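Subject: Structure handover

Hi there,

Here is the structure I promised to pass on. Have a look at it first, and then read on for what turned up around the ligand and in the pockets.

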Amino acid sequence: RSKTCGRNTVQFFKPQEESGGLAAMELETRFRRAVEFALMSQALGGDAGADPAGGKLELHYQPQVDQHGRVVGAEALARWTDPSLGRVPPDRFIAAAERNGLIIPFGRWALRQAAAQARKWRDQMGNRSPRVAVNVSAVQFADDRFIEEVSSVINTYHLLPGMLELELTETVLMQDADDAARRISTLRQMGVAVAIDDFGTGYSSLAYLHRLTIDTLKVDRSFVAGMSGERRGPGAPASGPLQGSGAAVTRAIISMGRSLGMNVLAEGVETDAQQQLLVRMGCDQMQGYLFSPPVPAEKFAELIALGNGVLPIPVAIARPA
Ligand code: C2E
Ligand code: MG
Ligand code: MG
Ligand code: MG
């Protein structure tokens, strides 16, 4: 190729020309190394020290609260900082890992890490410890060894029913709905709770939803964000607080989820107004920056201690003068 391209070959290898290919390869190489190091460190009981390459792969945890602000759960969210790429957002490295297969070893690491954390918190806080939710990619869920792995972490960390929740997206249900339904019911028999993440953004069939044994329905944050918009819909009352079109969708999802006996959790709650509206709509649980961003595990335990299990922590207590 280099011979036939002649002059253009030089162009081809200029950094600005290769941002697709080479940058993607570099991301893959570096992420592979980060995952390998994380798995090795995990196998050594977290005592491998710092990655000599200087990278860091870890889980942060975001509180999930009930209607009274009591912390009931913690969603594990992956954080990766690379010495040369900097902090890479999960949307980027997860999507890449799904394409190159690294999602399997990464997912195994994340599941173990979160399960170990659930055990640690249970030992520290007793039955007031938060259930830990882990995101599971559709690729990982479809893997033959997935159920076995979940069973293995339950045994390793002596997880009791309800301590672990797996967040699946609608993509999982779209691929092979019957197979997904079987796997979900197997997981639930093992004492694992199952959540549908980003609900309303995919194309899962409502006909299937009622046949699935789902514990938690997570209302996508785009609907929550659209709740307090300036728009007044055609059917909306002429007076009273303005509600955006997201409010109608959120209300519909909450009422459907509740009538199917599911726990409904709203994502991306950022304001008091959103929280109040959601509580009025009968939403069971909430998660979002209003309560806390995702934080390292030690910080999570501090938040619980500081607020006596309730969030948000009043500003006066959170930031003493
Ligand atoms: P997700 O599972 O829907 O996670 C919620 C995302 O919303 C997180 O982004 C979280 O930081 C963000 N968020 C939380 N509260 C608020 C809020 O009030 N406002 C706004 N604007 N955003 C909020 P993050 O951490 O960047 O993760 C993005 C996505 O990457 C996740 O979406 C999930 O799909 C994926 N992901 C992250 N960690 C993992 C993992 O360990 N495994 C897999 N398979 N996917 C993961
Ligand atoms: Mg999630
Ligand atoms: Mg989500
Ligand atoms: Mg998402």
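Gln-62 has a side-chain N or O atom 3.0 Å from a nitrogen atom of ligand 1, a polar contact being a pair of N or O atoms within 3.5 Å. Ala-78 makes such a contact through its backbone, with an N or O atom 3.1 Å from a nitrogen atom of the ligand. For Glu-267, a polar side-chain atom lies 3.4 Å from an oxygen atom of ligand 1. On its own the ligand exposes 800 Å², and the protein buries 85% of this (areas by the Shrake-Rupley method with a 1.4 Å probe).

Please keep in mind that this is a predicted model, where local features need pLDDT of at least 70 and side-chain atom pairs count only at pLDDT 80 or more, while totals for chains, interfaces and linings use all residues. Residues are numbered from 1 along each chain as written, chains are lettered from A and ligands numbered from 1 in written order, and side-chain values use heavy atoms, without hydrogens and water.

Around ligand 1 there are 22 residues, and Arg-79, Asn-135, Arg-221, Glu-270 and Tyr-289 come nearest (a residue counts if one of its heavy atoms lies within 4 Å). Strand β2 supplies the largest share of this shell, four residues. By class, the shell has eight nonpolar, five polar and nine charged residues (Asp, Glu, Lys and Arg count as charged; Ala, Val, Leu, Ile, Met, Phe, Trp, Tyr, Cys and Pro as nonpolar; the others, Gly among them, as polar).

Where does ligand 1 sit? The space it takes is the largest pocket, meaning that more than half of its atoms lie within 2 Å of the pocket's grid points. A pocket here is an open set of points on a 1 Å grid over the protein atoms alone, where a 1.4 Å probe fits, with protein on both sides within 12 Å along at least five of seven lines; lining residues have an atom within 4 Å of a point. This pocket has a volume of about 1,200 Å³ and is lined by 40 residues, with Glu-75, Leu-77, Pro-90, Asp-91 and Asn-135 nearest its centre. Strand β2 (residues 71-82) gives the most to that lining, six residues (strands are DSSP runs of E, at least two residues; helices are runs of H or I, at least four).

The second largest pocket holds about 720 Å³ of space. It is lined by 30 residues, and Ser-41, Gly-46, Leu-57, Trp-109 and Gln-113 are closest to its centre. Here α3 gives the most, with seven residues.

Best wishes

Conventions:
Grid points are joined across faces, edges and corners, and a volume is the space filled by probe spheres set on the points. A polar contact is a pair of N or O atoms within 3.5 Å; within protein, one must be able to donate a hydrogen and the other to accept it, and residues adjacent in sequence count only if both atoms are side-chain atoms.
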